[in-house]
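Subject: A structure for you to look at

Hi there,

Here is the structure I promised to pass on. Please open it beside this email and follow along as you read.

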Amino acid sequence: MMKSLDLIEKAKSGDRNVLRDNKWLQYLYLTKEQHINLEQVDSLERMPENPILPYVERTLLVLSEMDLTLIEKSIIEEVLVW
């Protein structure tokens, strides 16, 4: 598993220490940004409070399954989390 995915899972499980140690995750976890593609939302009532973190998590999961070199994945992961 990619390090960033592991850290996201820890934060979702309640480990707030990872937020203190990883500013990128703190920003993603605490953001209230609501600029999302509404075509991707079934219902405004079911729209997640923080759609940015799940988006980044899903994208990282796809990235982790791609057939890329470690350095390519590392660069894309770094850009994505920030």
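A residue counts as buried under 20% relative accessible area, as exposed over 50%, and as partly exposed in between (1.4 Å probe, protein chains only). By that rule K10 is partly exposed, with a relative accessible area of 36%.

Some background before we go on. This is a predicted model, in which local features need pLDDT of at least 70 and side-chain atom pairs count only at pLDDT 80 or more, while totals for chains, interfaces and linings use all residues. Residues are numbered from 1 along each chain as its sequence is written, and side-chain values use heavy atoms, with hydrogens and water left out.

**Salt bridges**

Side chains of opposite charge can pair when their charged atoms come close. The structure holds two salt bridges (a side-chain nitrogen of Lys or Arg within 4 Å of a carboxyl oxygen of Asp or Glu).

K10 pairs with D6, and their closest N and O atoms are 3.7 Å apart. Both residues sit in helix α1 (residues 3-12), four residues apart, about one turn of the helix. Helices here are DSSP runs of H or I with at least four residues, numbered from the N terminus. D6 is partly exposed, at 33% relative accessibility.

The other pair is E57 with K12, at 2.9 Å from N to O. E57 belongs to helix α4 and K12 to helix α1, so this pair ties together parts that are 45 residues apart in sequence. Is E57 buried or exposed? With a relative accessible area of 14%, E57 is buried, while K12 is partly exposed at 45%.

**How the helices meet**

The axes of α1 and α4 come within 10 Å and cross at roughly 145°. Axes are lines fitted to C-alpha atoms over the stretch in contact, and angles run from 0 to 180 degrees between N-to-C directions. In this contact (heavy atoms within 4.5 Å), S4, L5, I8, E9 and K12 of α1 meet L53, E57, L60, L61 and S64 of α4. By class there are five nonpolar, two polar and three charged residues. Ala, Val, Leu, Ile, Met, Phe, Trp, Tyr, Cys and Pro count as nonpolar, Asp, Glu, Lys and Arg as charged, and the others, Gly among them, as polar.

Helix α3 (residues 23-30) also meets α4 (residues 52-65): their axes come within 7 Å and cross at roughly 125°. The contact is made by L25, L28 and Y29 of α3 with I52, L53 and V56 of α4. Those residues divide into six nonpolar, no polar and no charged.

Happy exploring!

Definitions and conventions. Helix = DSSP H or I, 4+ residues; strand = E, 2+ residues; numbered from the N terminus.
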